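Hi everyone, thanks for coming along. I have a structure to walk you through, so let me put it up on the screen.

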Amino acid sequence: MLNKAKKHKQTLILFIIFGLSSIMWYLPVSEALPENGWHLLIIFTATIVGIILNPLPMGVIALLSVLACVLTNTLSLAECLSGFGDSIVWLIVFAFFISHGFIKTGLGSRIAYYVLSKIGHSTLGISYALVIADFVLSPLIPSASARGGGIIFPIAKSICKSFSDEEHPGISSRNGGFIMSVCAQSTVITSALFVTAMAANPLAIKFAASAGIAISWTDWALAAIVPGIISLAVMPLVVYYLYPPAIRYSNSAPQIAREKLDAMGKISLQEIIMMAVFVILIALWINGSKFGLSPTTVALMGLSILLVTKVINFEDNLADKGAWHTFIWFGTLVMLSDFLSKFGLMTWIGGKLQFLFMSSSPINSLIILSLIYFYIHYLFASTTAHISVLLPTFLVLFINAGVPGLMATLILSFLSTLSAGLTHFGLSSTPIFFGAGYMRTKDWWYIGLVTSIIYLLIWGGIGGMWWKLLNLW
């Protein structure tokens, strides 16, 4: 009965989405925009509403938007499929495939357990061990749910169980809540550190490219690394103060880690190859431009090595639902963003909104816009939706306020991801950690609010000075 009611609800939501789209279709068209541009904006709006309400998987919503574009003659089928040939789309798909190597070989878990065995003698040390593991894995695992839910969460959960006390369940709750909250916030921060740490990041780069702004993997990593590492260092201390664990010292976690490492045995040849590929990829993503290698070419090179050496197999790639699901929705959003830019829609919207800030100084405008862009994520359950809906428009507003294009894109991209830590549904990984059941919603949101202020201070203050040293503004 519940499934049937859910299906009826999904159908109702879809009718509402396309009903609103049909009404919008007959609204007056701006003379400044081509008719197809207005129609594309309507389809794009319906697509984003569908992604936010989630009546069907995001890939299905994306395919429906492609169908709508073709049936209404807004775009040709060839134009609709153009996004699937974009190199940025394939960069993320290749990165998904490569990430299988960390999970399949056990290298990701080995790294986490090794760090845990060394600094996990206190609850705070445990949190830092998991944060370090997340940071090490983030450049090559472009999915917060795969990295956080597939590698970090199982380890964190086994550690939380070691604190369980049937006579005093509050002990388990306090320690478990602290550890899970730190892990969730960690995936938020690490997702902002590298282009390849989350699938939504390349979408921001694609929006920037449509505006004539080029951002490399190195540009992004270099700008994020200093405020990112400081955020990772400070965040566990903040959570420790806000939600102190009941047990602060224990040898159980290092013991669990050593037992797991012993069970895994000596490092295998496949793990060595995976580690070598990891080093090669990072080195070439940083220096590949000197050899004429794009990030996507470098990723394809790493994937090929793993396939030839049989660290992963092609059947695993074909069966990776997450990668192909991302390919569908990401390729569609890239296509929509390209044509929205070509039709001049985002520039037009930005111009309409600019008058709201005409009386403010550039600095005040930047601060107000940043805070609005950041805290509006309370309304979003998807970083992808946040970026798709708001980044192009806010990019125009930032540039009009005098912010250099590269700096404007990076600031908005970082804010998009960091704001995902506000709630227990803001990023794909946070529901996994919250779902462990160790913390109440109001405590989770309170921690999210306080840490958000810390992030804004770090990235706006220390980050701003770092970006000045890099001559980004």
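Predicted model: local features only at pLDDT ≥ 70, side-chain atom pairs only at ≥ 80, totals over all residues.

I'll start with the overall picture and then go through a few local spots.

The chain has 22 helices and zero strands. Of its 473 residues, 54% count as buried. If you take the contacts between residues at least 6 apart in sequence, 78% of them join residues at least 24 apart.

Helix 3 covers residues 58-71, which is 14 residues. From its first C-alpha to its last it reaches 20 Å, close to the 20 Å expected at 1.5 Å a residue. Its buried residues are Met58, Gly59, Ile61, Ala62, Ser65, Val66, Ala68 and Cys69. As a reminder on spacing, an α-helix has 3.6 residues a turn, so residues three or four places apart point the same way. After helix 3 comes asparagine 73, and its phi is positive, near 60°.

Now, the cysteines. How many disulfides does the model have? The count is zero, taking sulfur atoms within 2.5 Å as the rule. Cysteine 69 is buried, at 0% relative accessibility. Then there is cysteine 183: the closest cysteine sulfur belongs to cysteine 160, and at 7.6 Å that is too far for a bond. Cysteine 183 is buried too, with a relative accessible area of 4%.

The structure holds 20 aromatic pairs. One of them is phenylalanine 194 with tryptophan 217: the ring centres are 5.6 Å apart and the planes are at 15°, so this pair is stacked. What does that pair tie together? Phenylalanine 194 is in the loop between helix 9 (169-193) and helix 10 (201-210), while tryptophan 217 is in helix 11 (residues 217-242), so the pair joins parts that are 23 residues apart in sequence. Phenylalanine 194 is buried at 7% relative accessibility, and tryptophan 217 is buried with a relative accessible area of 5%.

Helix 11 also holds tryptophan 220. Its ring and that of phenylalanine 414 have centres 5.7 Å apart and planes at 90°, so here the pair is edge-to-face. Phenylalanine 414 sits in helix 20 (residues 405-418), so this pair ties together parts that are 194 residues apart in sequence. Both tryptophan 220 and phenylalanine 414 are buried.

There is also a cluster for you to find on the screen: ring pairs link Phe84, Trp90, Phe94, Phe97, Trp324 and Phe327. And for those of you who like charges over rings, the charged end of arginine 174 sits over the ring of tyrosine 243, 3.9 Å from its centre.

Last stop, serine 122. You'll find serine 122 in the loop between helix 6 (107-119) and helix 7 (123-137). Is serine 122 buried or exposed? With a relative accessible area of 16%, it falls under the 20% cut-off, so serine 122 is buried. A polar atom of the serine 122 side chain lies 2.9 Å from the backbone nitrogen of glycine 125. Leaving aside neighbours within four places in sequence, serine 122 is in contact with Arg248, Tyr249 and Ser250.

That's the tour, and I'm happy to go back to any of these spots.

Technical notes: Residues numbered from 1 in each chain as written. Heavy atoms only, no water. Helix = DSSP H or I, 4+ residues; strand = E, 2+ residues; numbered from the N terminus. Buried < 20%, exposed > 50% of the residue type's maximum accessible area, 1.4 Å probe, protein only. Polar contact = N/O pair within 3.5 Å; in protein donor to acceptor, adjacent residues only side chain to side chain. Contact = heavy atoms within 4.5 Å. Phe/Tyr/Trp six-rings, centres within 6.5 Å; stacked < 30°, edge-to-face > 60°. Lys NZ or Arg CZ within 6 Å of the ring centre and 35° of its normal. Expected span 1.5 Å × (residues − 1).
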